[in-house]
Amino acid sequence: MLETNTFKGANVFMSRNLVPPEIFDTLLDALKLNGAEVFPCCDPSRNGRNDYHVISSPDHEKFEDLRAKGCNLLGPQCVLSCAKEHKQLPKQGFTCCLAMDGLKVLASGFDPDEKVKIEKLVKAMGGELCSKASLDVSFVIVKDVLAAKYKWALNVLKKPGVTASWLYQCWTEHRVVPQDLHRVLPLCGLRICVTGIVGEERKKIETLITQNGGKYSPELTKQCTHLICEISLSLGIIC
């Protein structure tokens, strides 16, 4: 690896207690070869603009303390990616990796707490969570087919909506994983009741509902979104 000045001016605090031992030396080399000043300790009082702290995971016991003190936190994958791509170390609170660097993500159908969690994950991977729909959106995460932006993603953006499980998998693997296994199934979020149909035909319909992400309801309740009847076998919206 050639020496560069990519990280020149950066003060990086990296304690062996906060970083897995098997990658400590690799991180140390990447930082020093790119011009960073490395301190082999943890010093929460150092929270200036050019001060950084490397920490293995947001689940680490020291994470919340460092974040509460306003420290710039970096995951090991972020440091290695920045070194490889000759990018400056990010200043945004906590960056786990650069898996979503430059990507825009839209989330729809989630409650406020879920959306806050999604935004944290997207930002920690270097991406941006958009507040409005636009044609430069890279991915649309929806809770189910009832989400406001589900049809927009399919018909306007021409991209399939994915479930939050896709985002969590990206987080786990530190990369943008394929969408195929995380696409929102056509009946996801729907609760469907069947009336006037019995026997094997009813069982087949129940199987199709569950296979396509819906929930079968043996009784018609206020929670049901659709009713399949004997006359046309079409889905009817229940107001």
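Modeller: In what follows, Lys and Arg count as positive and Asp and Glu as negative, while His and the chain ends are not counted; each charge is placed at NZ of Lys, CZ of Arg, CG of Asp or CD of Glu. On that basis, the mean positions of the 30 positive and 27 negative charges of the protein lie 5 Å apart. This is a predicted model, in which local features need pLDDT of at least 70 and side-chain atom pairs count only at pLDDT 80 or more, whereas totals for chains, interfaces and linings use all residues. Residues are numbered from 1 along each chain as its sequence is written, and side-chain values use heavy atoms, with hydrogens and water left out.

The protein has 7 helices and 12 strands (DSSP runs numbered from the N terminus, helices being H or I with at least four residues and strands E with at least two). Its radius of gyration, taken over C-alpha atoms, is 24 Å, well over the 18 Å that the globule rule (2.2 Å times the number of residues to the power 0.38) gives for 239 residues, so the protein is more spread out than a compact globule. Along the principal axes, its C-alpha atoms fill a box of roughly 75 × 35 × 30 Å. Of the 239 residues, 41% are buried, a word that means under 20% relative accessible area with a 1.4 Å probe, counting protein chains only.

Strand E6 (residues 104-108) runs parallel to E8, and 4 bridges join them; two strands pair if DSSP finds at least two bridges between them. Within this pairing, Val105 has Phe139 of E8 as its bridge partner.

Ser138 lies in the loop between strand E7 (128-130) and E8. With a relative accessibility of 16%, Ser138 also counts as buried. Leaving aside residues up to four places away in sequence, Ser138 touches Leu103, Lys104 and Lys159, where contact means heavy atoms within 4.5 Å.

Elsewhere, 5 strands form an open sheet with parallel pairing, in the order E2-E1-E3-E4-E5. Strands E2 (37-39) and E5 (94-95) stand at its edges with a single partner strand each, so one side of each is left without a neighbour in the sheet.

Terms used: Buried < 20%, exposed > 50% of the residue type's maximum accessible area, 1.4 Å probe, protein only.
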